Amino acid sequence: MTRPVVLIAEELSPATVEVLGPEVEIRNVDGTDRPALLAAIADADALLVRSATQVDAEVYAAASQLKVVARAGVGLDNVDVDAATAAGVMVINAPTSNIVSAAELAITLILSSLRNLGRADASVKAGRWERKQLTGVELLEKTVGVVGFGRIGQLVAERLRPFGVTLLAYDPYVNHARAAELGARVVELDELMRSSDVVTVHMPKTPETTGLIGAEQFAIAKPNLHIVNAARGGLIDEDALYEALSTGRIAGAGLDVYSSEPPATSESAQRLLELENITLTPHLGASTAEAQEKAGVAVAKSVRLALAGELVPDAVNVAGGAIDDLVRPGVALADRLGQLFTALAGESPELLDIEVHGEIASRDVTALKLSALRGVFRSVVTEQVSYVNAPVLAEERGITVQLVTDETSERFRNVITLRGTLRDGEVVTVSGTLSGVDQEHKLTEVFGHALDVPLSDHLLIIRYEDGPGLIGQYGLRLGEAGVNIAGMQVSRAGSARGAEALVVLDLDESVDRDFAEELGAAIDARSIDAVDLVY
């Protein structure tokens with residue numbers, strides 16, 4: 001029997017190769033040599049890369065039997081996931097391989113900024129001896145604000161506690177009890193910025209978090225503030241950071257990531273290179289021997305699962321392997337419902353029930369639970385979310401997750417429902433089904449309102465007190481903004497005028513948060529959510 005071919009395009013550790021085992025034929029190619037890569041990929045079953053090899057549609061087109069692409073690391077900037085999905089190729093990575101390394105780097109940047117280590121190093125190497133000019137400050141008894149209290153933020157908090165600091169945390173999705181266990185008090189962002197001597201950022205980069213810390217936040221910060229970002233470039237507004245540092249509004253900063261990398265390629269980031277009170281490193285978050293080793297070994301294990309046709313927990317685009325044929329089409333639906341739930345809830349629930357109703361409930365629907373959790377956390381954490389780490393993320397946030405199955409379904413053949421209870425007792429529900437021969441994703445219920453509308457990529461969901469002329473108002477405003485409504489459905493709680501109405505608008509394009517809030521204020525909406533879904 002012919003062994004599957006695993007093509008290694010960049011240097012990997014001996015331990016990684018050993019994990020692949022004797023059941024595969026290992027070949028090597030220089031992934032940066034484009035012609036050689038395209039020739040070698042022709043009969044490969046799996047491709048292993050790090051960050052230098054560009055894996056795009058041209059590569060997939062040249063591969064006649066490629067089943068899986070594995071990135072031995074966290075990010076996937078060099079792998080075209082959409083093109084892989086279109087080609088039926090699974091993409092996997094190592095989402096948790098660098099979390100310790102990233103946390104340790106954040107601590108390093110904090111201490112480097114407080115003690116002026118970058119300037120001190122340059123000074124001594126230049127033959128100067130500037131002890132008085134480089135006096136620093138201690139971390140002891142300082143207040144440290146952790147912006148983003150997911151896995152890495154919590155690791156940072158654990159490592160900061162022995163320094164004798166007061167910990168604050170900002171994260172809409174963090175469980176307060178879990179934060180308290182780590183000695184952190186959960187506060188709003190403004191309070192954190194106003195009270196902290198040190199701020200370290202560990203949020204995912206989304207349209208909502210881009211520029212999260214800007215001129216308004218620096219304006220209320222202490223003048224002795226040191227701020228660190230070892231998470232994602234662009235979370236701190238670089239123009240505002242430059243102004244704050246250059247004018248003495250804050251004391252110092254440490255950056256490992258930038259809006260454009262390297263920073264010399266971006267005008268806003270380039271100005272930061274001129275400043276003495278900032279420590280800069282070249283995106284070293286995952287650059288430790290241990291992180292690289294963990295990443296290689298993790299993806300090698302996943303490649304073996306993929307080639308054996310088994311469930312691959314770290315698949316980022318498709319759930320491969322042993323999933324019942326009747327259940328498999330619902331995997332993508334569950335993911336999108338999870339994304340929608342988070343967008344509507346705006347915070348992590350205390351309790352989350354993932355309900356599966358209908359004939360598929362008689363099968364093993366564990367994959368639907370995992371996929372729903374993956375969707376819930378997509379925009380919440382900095383690391384890539386997979387089927388293996390999604391339950392861990394829920395546990396870390398103190399979320400009780402239950403899978404509920406029921407073989408009866410009243411309105412549709414099969415229905416998936418996410419039902420979450422928030423801290424204030426509010427219950428948020430979203431439900432969906434698959435419709436027709438094309439298995440179209442349909443939204444069947446939101447906040448208790450019955451629906452039958454496509455679960456499309458761009459949605460605007462509004463709750464308001466029903467009254468005449470309101471549909472015309474928001475329709476007109478969307479039209480004036482050049483946003484086309486592809487479809488809509490209105491559901492009203494009860495038959496009386498003035499009852500709560502919920503409308504789901506299927507849009508041809510996304511709308512930004514500011515526009516949505518202005519539209520909601522114009523019609524006195526109870527809530528309005530612009531939601532962009534991916535898979």
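Student: What covers the buried residues of H13?
Tutor: The cover includes strand S1 (5-8), helix H1 (14-20), strand S3 (46-49), strand S4 (68-71), strand S5 (90-92) and helix H5 (99-114), where contact means heavy atoms within 4.5 Å. Helices (H or I, at least four residues) and strands (E, at least two) are DSSP runs, numbered from the N terminus. This is a predicted model, in which local features need pLDDT of at least 70 and side-chain atom pairs count only at pLDDT 80 or more, while totals for chains, interfaces and linings use all residues. Residues are numbered from 1 along each chain as its sequence is written, and side-chain values use heavy atoms, with hydrogens and water left out.

Student: OK, and which residues in H13 are buried?
Tutor: They are Ala291, Ala295, Gly296, Val297, Val299, Ala300, Ser302, Val303 and Ala306; buried means under 20% relative accessible area, exposed means over 50%, and partly exposed lies in between (1.4 Å probe, protein chains only).

Student: How far apart are the end C-alpha atoms of H13?
Tutor: They are 27 Å apart, which agrees with the 27 Å that the 19 residues of H13 (289-307) should span at 1.5 Å a residue, the expected span being 1.5 Å times one less than the number of residues.

Student: Which residue forms a salt bridge with Arg304?
Tutor: Glu23 does, and the closest N and O atoms of the two are 3.8 Å apart. Because Arg304 lies in helix H13 and Glu23 in the loop between H1 and strand S2 (25-28), the pair ties together parts that are 281 residues apart in sequence. Both ends count as partly exposed, Arg304 at 41% relative accessibility and Glu23 at 44%. A salt bridge here is a side-chain nitrogen of Lys or Arg within 4 Å of a carboxyl oxygen of Asp or Glu.

Student: How many salt bridges does that rule give?
Tutor: The count comes to 26. One of them joins Arg526 to Glu500, at 2.5 Å from N to O. That pair links distant parts of the chain, with Arg526 in the loop between helix H18 (513-522) and S22 and Glu500 in strand S21, 26 residues apart. Shared partners then join Glu426, Arg463, Glu500 and Arg526 into one network of salt bridges. Arg526 itself counts as exposed, at 58% relative accessibility.

Student: New topic: what order do the strands have in the open sheet of four?
Tutor: The order is S20-S21-S19-S22, with antiparallel pairing. S20 (485-492) and S22 (527-532) stand at the edges with a single partner strand each, so one side of each is left without a neighbour in the sheet. From one strand to the next, the twist averages 15°. Two strands count as paired if DSSP finds at least two bridges between them.

Student: How many bridges pair S20 and S21?
Tutor: Seven bridges pair S20 with S21 (500-507) in the antiparallel sense, and Leu502 in S21 is the bridge partner of Ser491.

Student: Which helix lies across S19 and S22?
Tutor: That is H14 (330-345), which lies across S19 (458-465) and S22 and runs at about 145° to S22; axes are lines fitted to C-alpha atoms, for helices over the stretch in contact, and angles run from 0 to 180 degrees between N-to-C directions.

Student: And S13, how many of its residues are buried?
Tutor: Seven of the eight residues of S13 (351-358) are buried, so the strand is mostly covered. S13 pairs with S14 (400-406) in the parallel sense over seven bridges, with Leu351 opposite Thr400. Eight bridges join S13 to S15 (414-421), and these two strands run antiparallel, with Arg419 in S15 as the bridge partner of Asp353.

Student: Is H15 largely enclosed or largely open, and what covers its buried residues?
Tutor: Ten of the twelve residues of H15 are buried, so the helix is largely enclosed by the rest of the structure. Among the buried ones are Leu368, Leu370, Arg374 and Phe377, and the cover includes H14, S13, helix H16 (390-396), S14 and S15. From its first C-alpha to its last, H15 (366-377) reaches 17 Å, close to the 16 Å expected at 1.5 Å a residue.
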